[in-house]
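Please keep it in view while reading.

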Amino acid sequence: MPLVESRAMLTARPICKSAAHALLSVYLFNVAGAYAQNFPVRPIRMVIGFTPGGQPDIAARMIAPRLTELLGQQVVVDNRPGAGGVTGSRIVVEAQPDGYTLLASSSSIAISPAVYANMPFDTMRDLSGITTTYSAAYVLSVTPSLPAKTLQDFVALAKAKPGQLNFSSAGNGSGMHFAGEMVKQTLNIDIVHVPYKGVPEAITDTIGGRVQFTMAPLGATIGLIRDGKLRPLAVSSPKRVAVHPDVPAVAELGYPGFRVDSWAGIFAPAKTPRAVINRLNRDIVRVLNEAEIQQRFGALGMEAAPCTPEQLDKFLAGQISQVAQLAKKAGIAAR
């Protein structure tokens, strides 16, 4: 009898435990639902890991005022530059997962794991996507003094002078660096990378002819191309862009499938309630779908690119994998 009683007790325990878990799950679901229904009740901080004036910062500052109106709480943009965006990302990773601290990041968030050996967090584990905000092409632009009028001219020149042409970037491991490496590998040319402290410096030295070409974000080059200070040869998007309809895409010039995007997205700390993530996604997407925002983005060479949280998480995982493979091929070692 004691043995039978023991078995009965052992059998009963998991059933009671499962029932308790079920009740707890229902309770937590109801609490999360009520929390999301009342969210937000105080200002929201949107951290940007870069200095003011770049595309991620400009996009966030366009979105914030309208998001403030929709949420009924102030959305405060907070620039925290450093370590290629890692400093700002870490602030958000370590914040309470309650939806009140968000990250507006560029595509650097997919690059950091490949270029920093001692990342203070795991990007996929510690951040949850809300939505991408925009995508933009890079422009393969050359100094006007270079005797290359087309991409074909440029490739022929590079192959005639292996190792003698340089390309500038905003720094080792930057989006511009990886875009240039993609050009180098896809076009099968031997060119030398010259890193700078930022986009302006990289573009300035390309204009001056100290380096021969650059892969700069479209928004940073529109005025310079219009004024004849840079000569555009191709864009990195799958098709031509509205602001430069006469500039072909690399993909249409004999390199099908070529694509490199400068993009940005908004993230929250992992474990932020899904209902809160969905609320933020709904309102940010609503802002991105507004005609005025799309027009303002378009004038800067950016295309509004709203998506679901699940789509952003999947996209980011793919980008991290792609960058890691490119870094390995290009010999870019984590530091």
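Q: Among contacts between residues at least 6 apart in sequence, what percentage joins residues at least 24 apart?
A: Contact means heavy atoms within 4.5 Å. Among contacts in the chain between residues at least 6 apart in sequence, the share that joins residues at least 24 apart is 78%.

Q: On what kind of model do these values rest?
A: Local features need pLDDT of at least 70, side-chain atom pairs count only at pLDDT 80 or more, and totals for chains, interfaces and linings use all residues, for this is a predicted model. Residues are numbered from 1 along each chain as its sequence is written, and side-chain values use heavy atoms, with hydrogens and water left out.

Q: Is threonine 133 buried or exposed?
A: Threonine 133 is found in strand β4 (residues 127-142), where strands (E, at least two residues) and helices (H or I, at least four) are DSSP runs numbered from the N terminus. Buried means under 20% relative accessible area, exposed over 50%, and partly exposed in between, with a 1.4 Å probe and protein chains only. Because its relative accessibility is 3%, threonine 133 counts as buried.

Q: What distance separates the C-alpha atoms of threonine 133 and leucine 288?
A: Residues touched by threonine 133, not counting those up to four places away in sequence, include Ile63, Leu288 and Phe297. Threonine 133 and leucine 288 are 155 residues apart along the chain, and their C-alpha atoms are separated by 7.0 Å.

Q: Which residues of α11 meet Ala59, Met62 and Ile63 in α2?
A: Helix α2 (residues 55-71) and helix α11 (residues 291-299) pack at an angle of about 165°, with their axes 11 Å apart. That makes α2 roughly antiparallel to α11, a term for angles over 145 degrees. Axes are lines fitted to C-alpha atoms, for helices over the stretch in contact, and angles run from 0 to 180 degrees between N-to-C directions. The residues of α11 that meet Ala59, Met62 and Ile63 in α2 are Ile293, Arg296 and Phe297.

Q: What type of aromatic pair do phenylalanine 154 and phenylalanine 213 form?
A: Rings of Phe, Tyr and Trp (its six-membered ring) pair if their centres lie within 6.5 Å; planes under 30 degrees apart count as stacked, over 60 as edge-to-face and the rest as tilted. A search of the whole structure finds five aromatic pairs. The rings of phenylalanine 154 and phenylalanine 213 have centres 4.8 Å apart and planes at 70°, so this pair is edge-to-face.

Definitions and conventions. Parallel < 35°, antiparallel > 145°, perpendicular 65-115°, else oblique.
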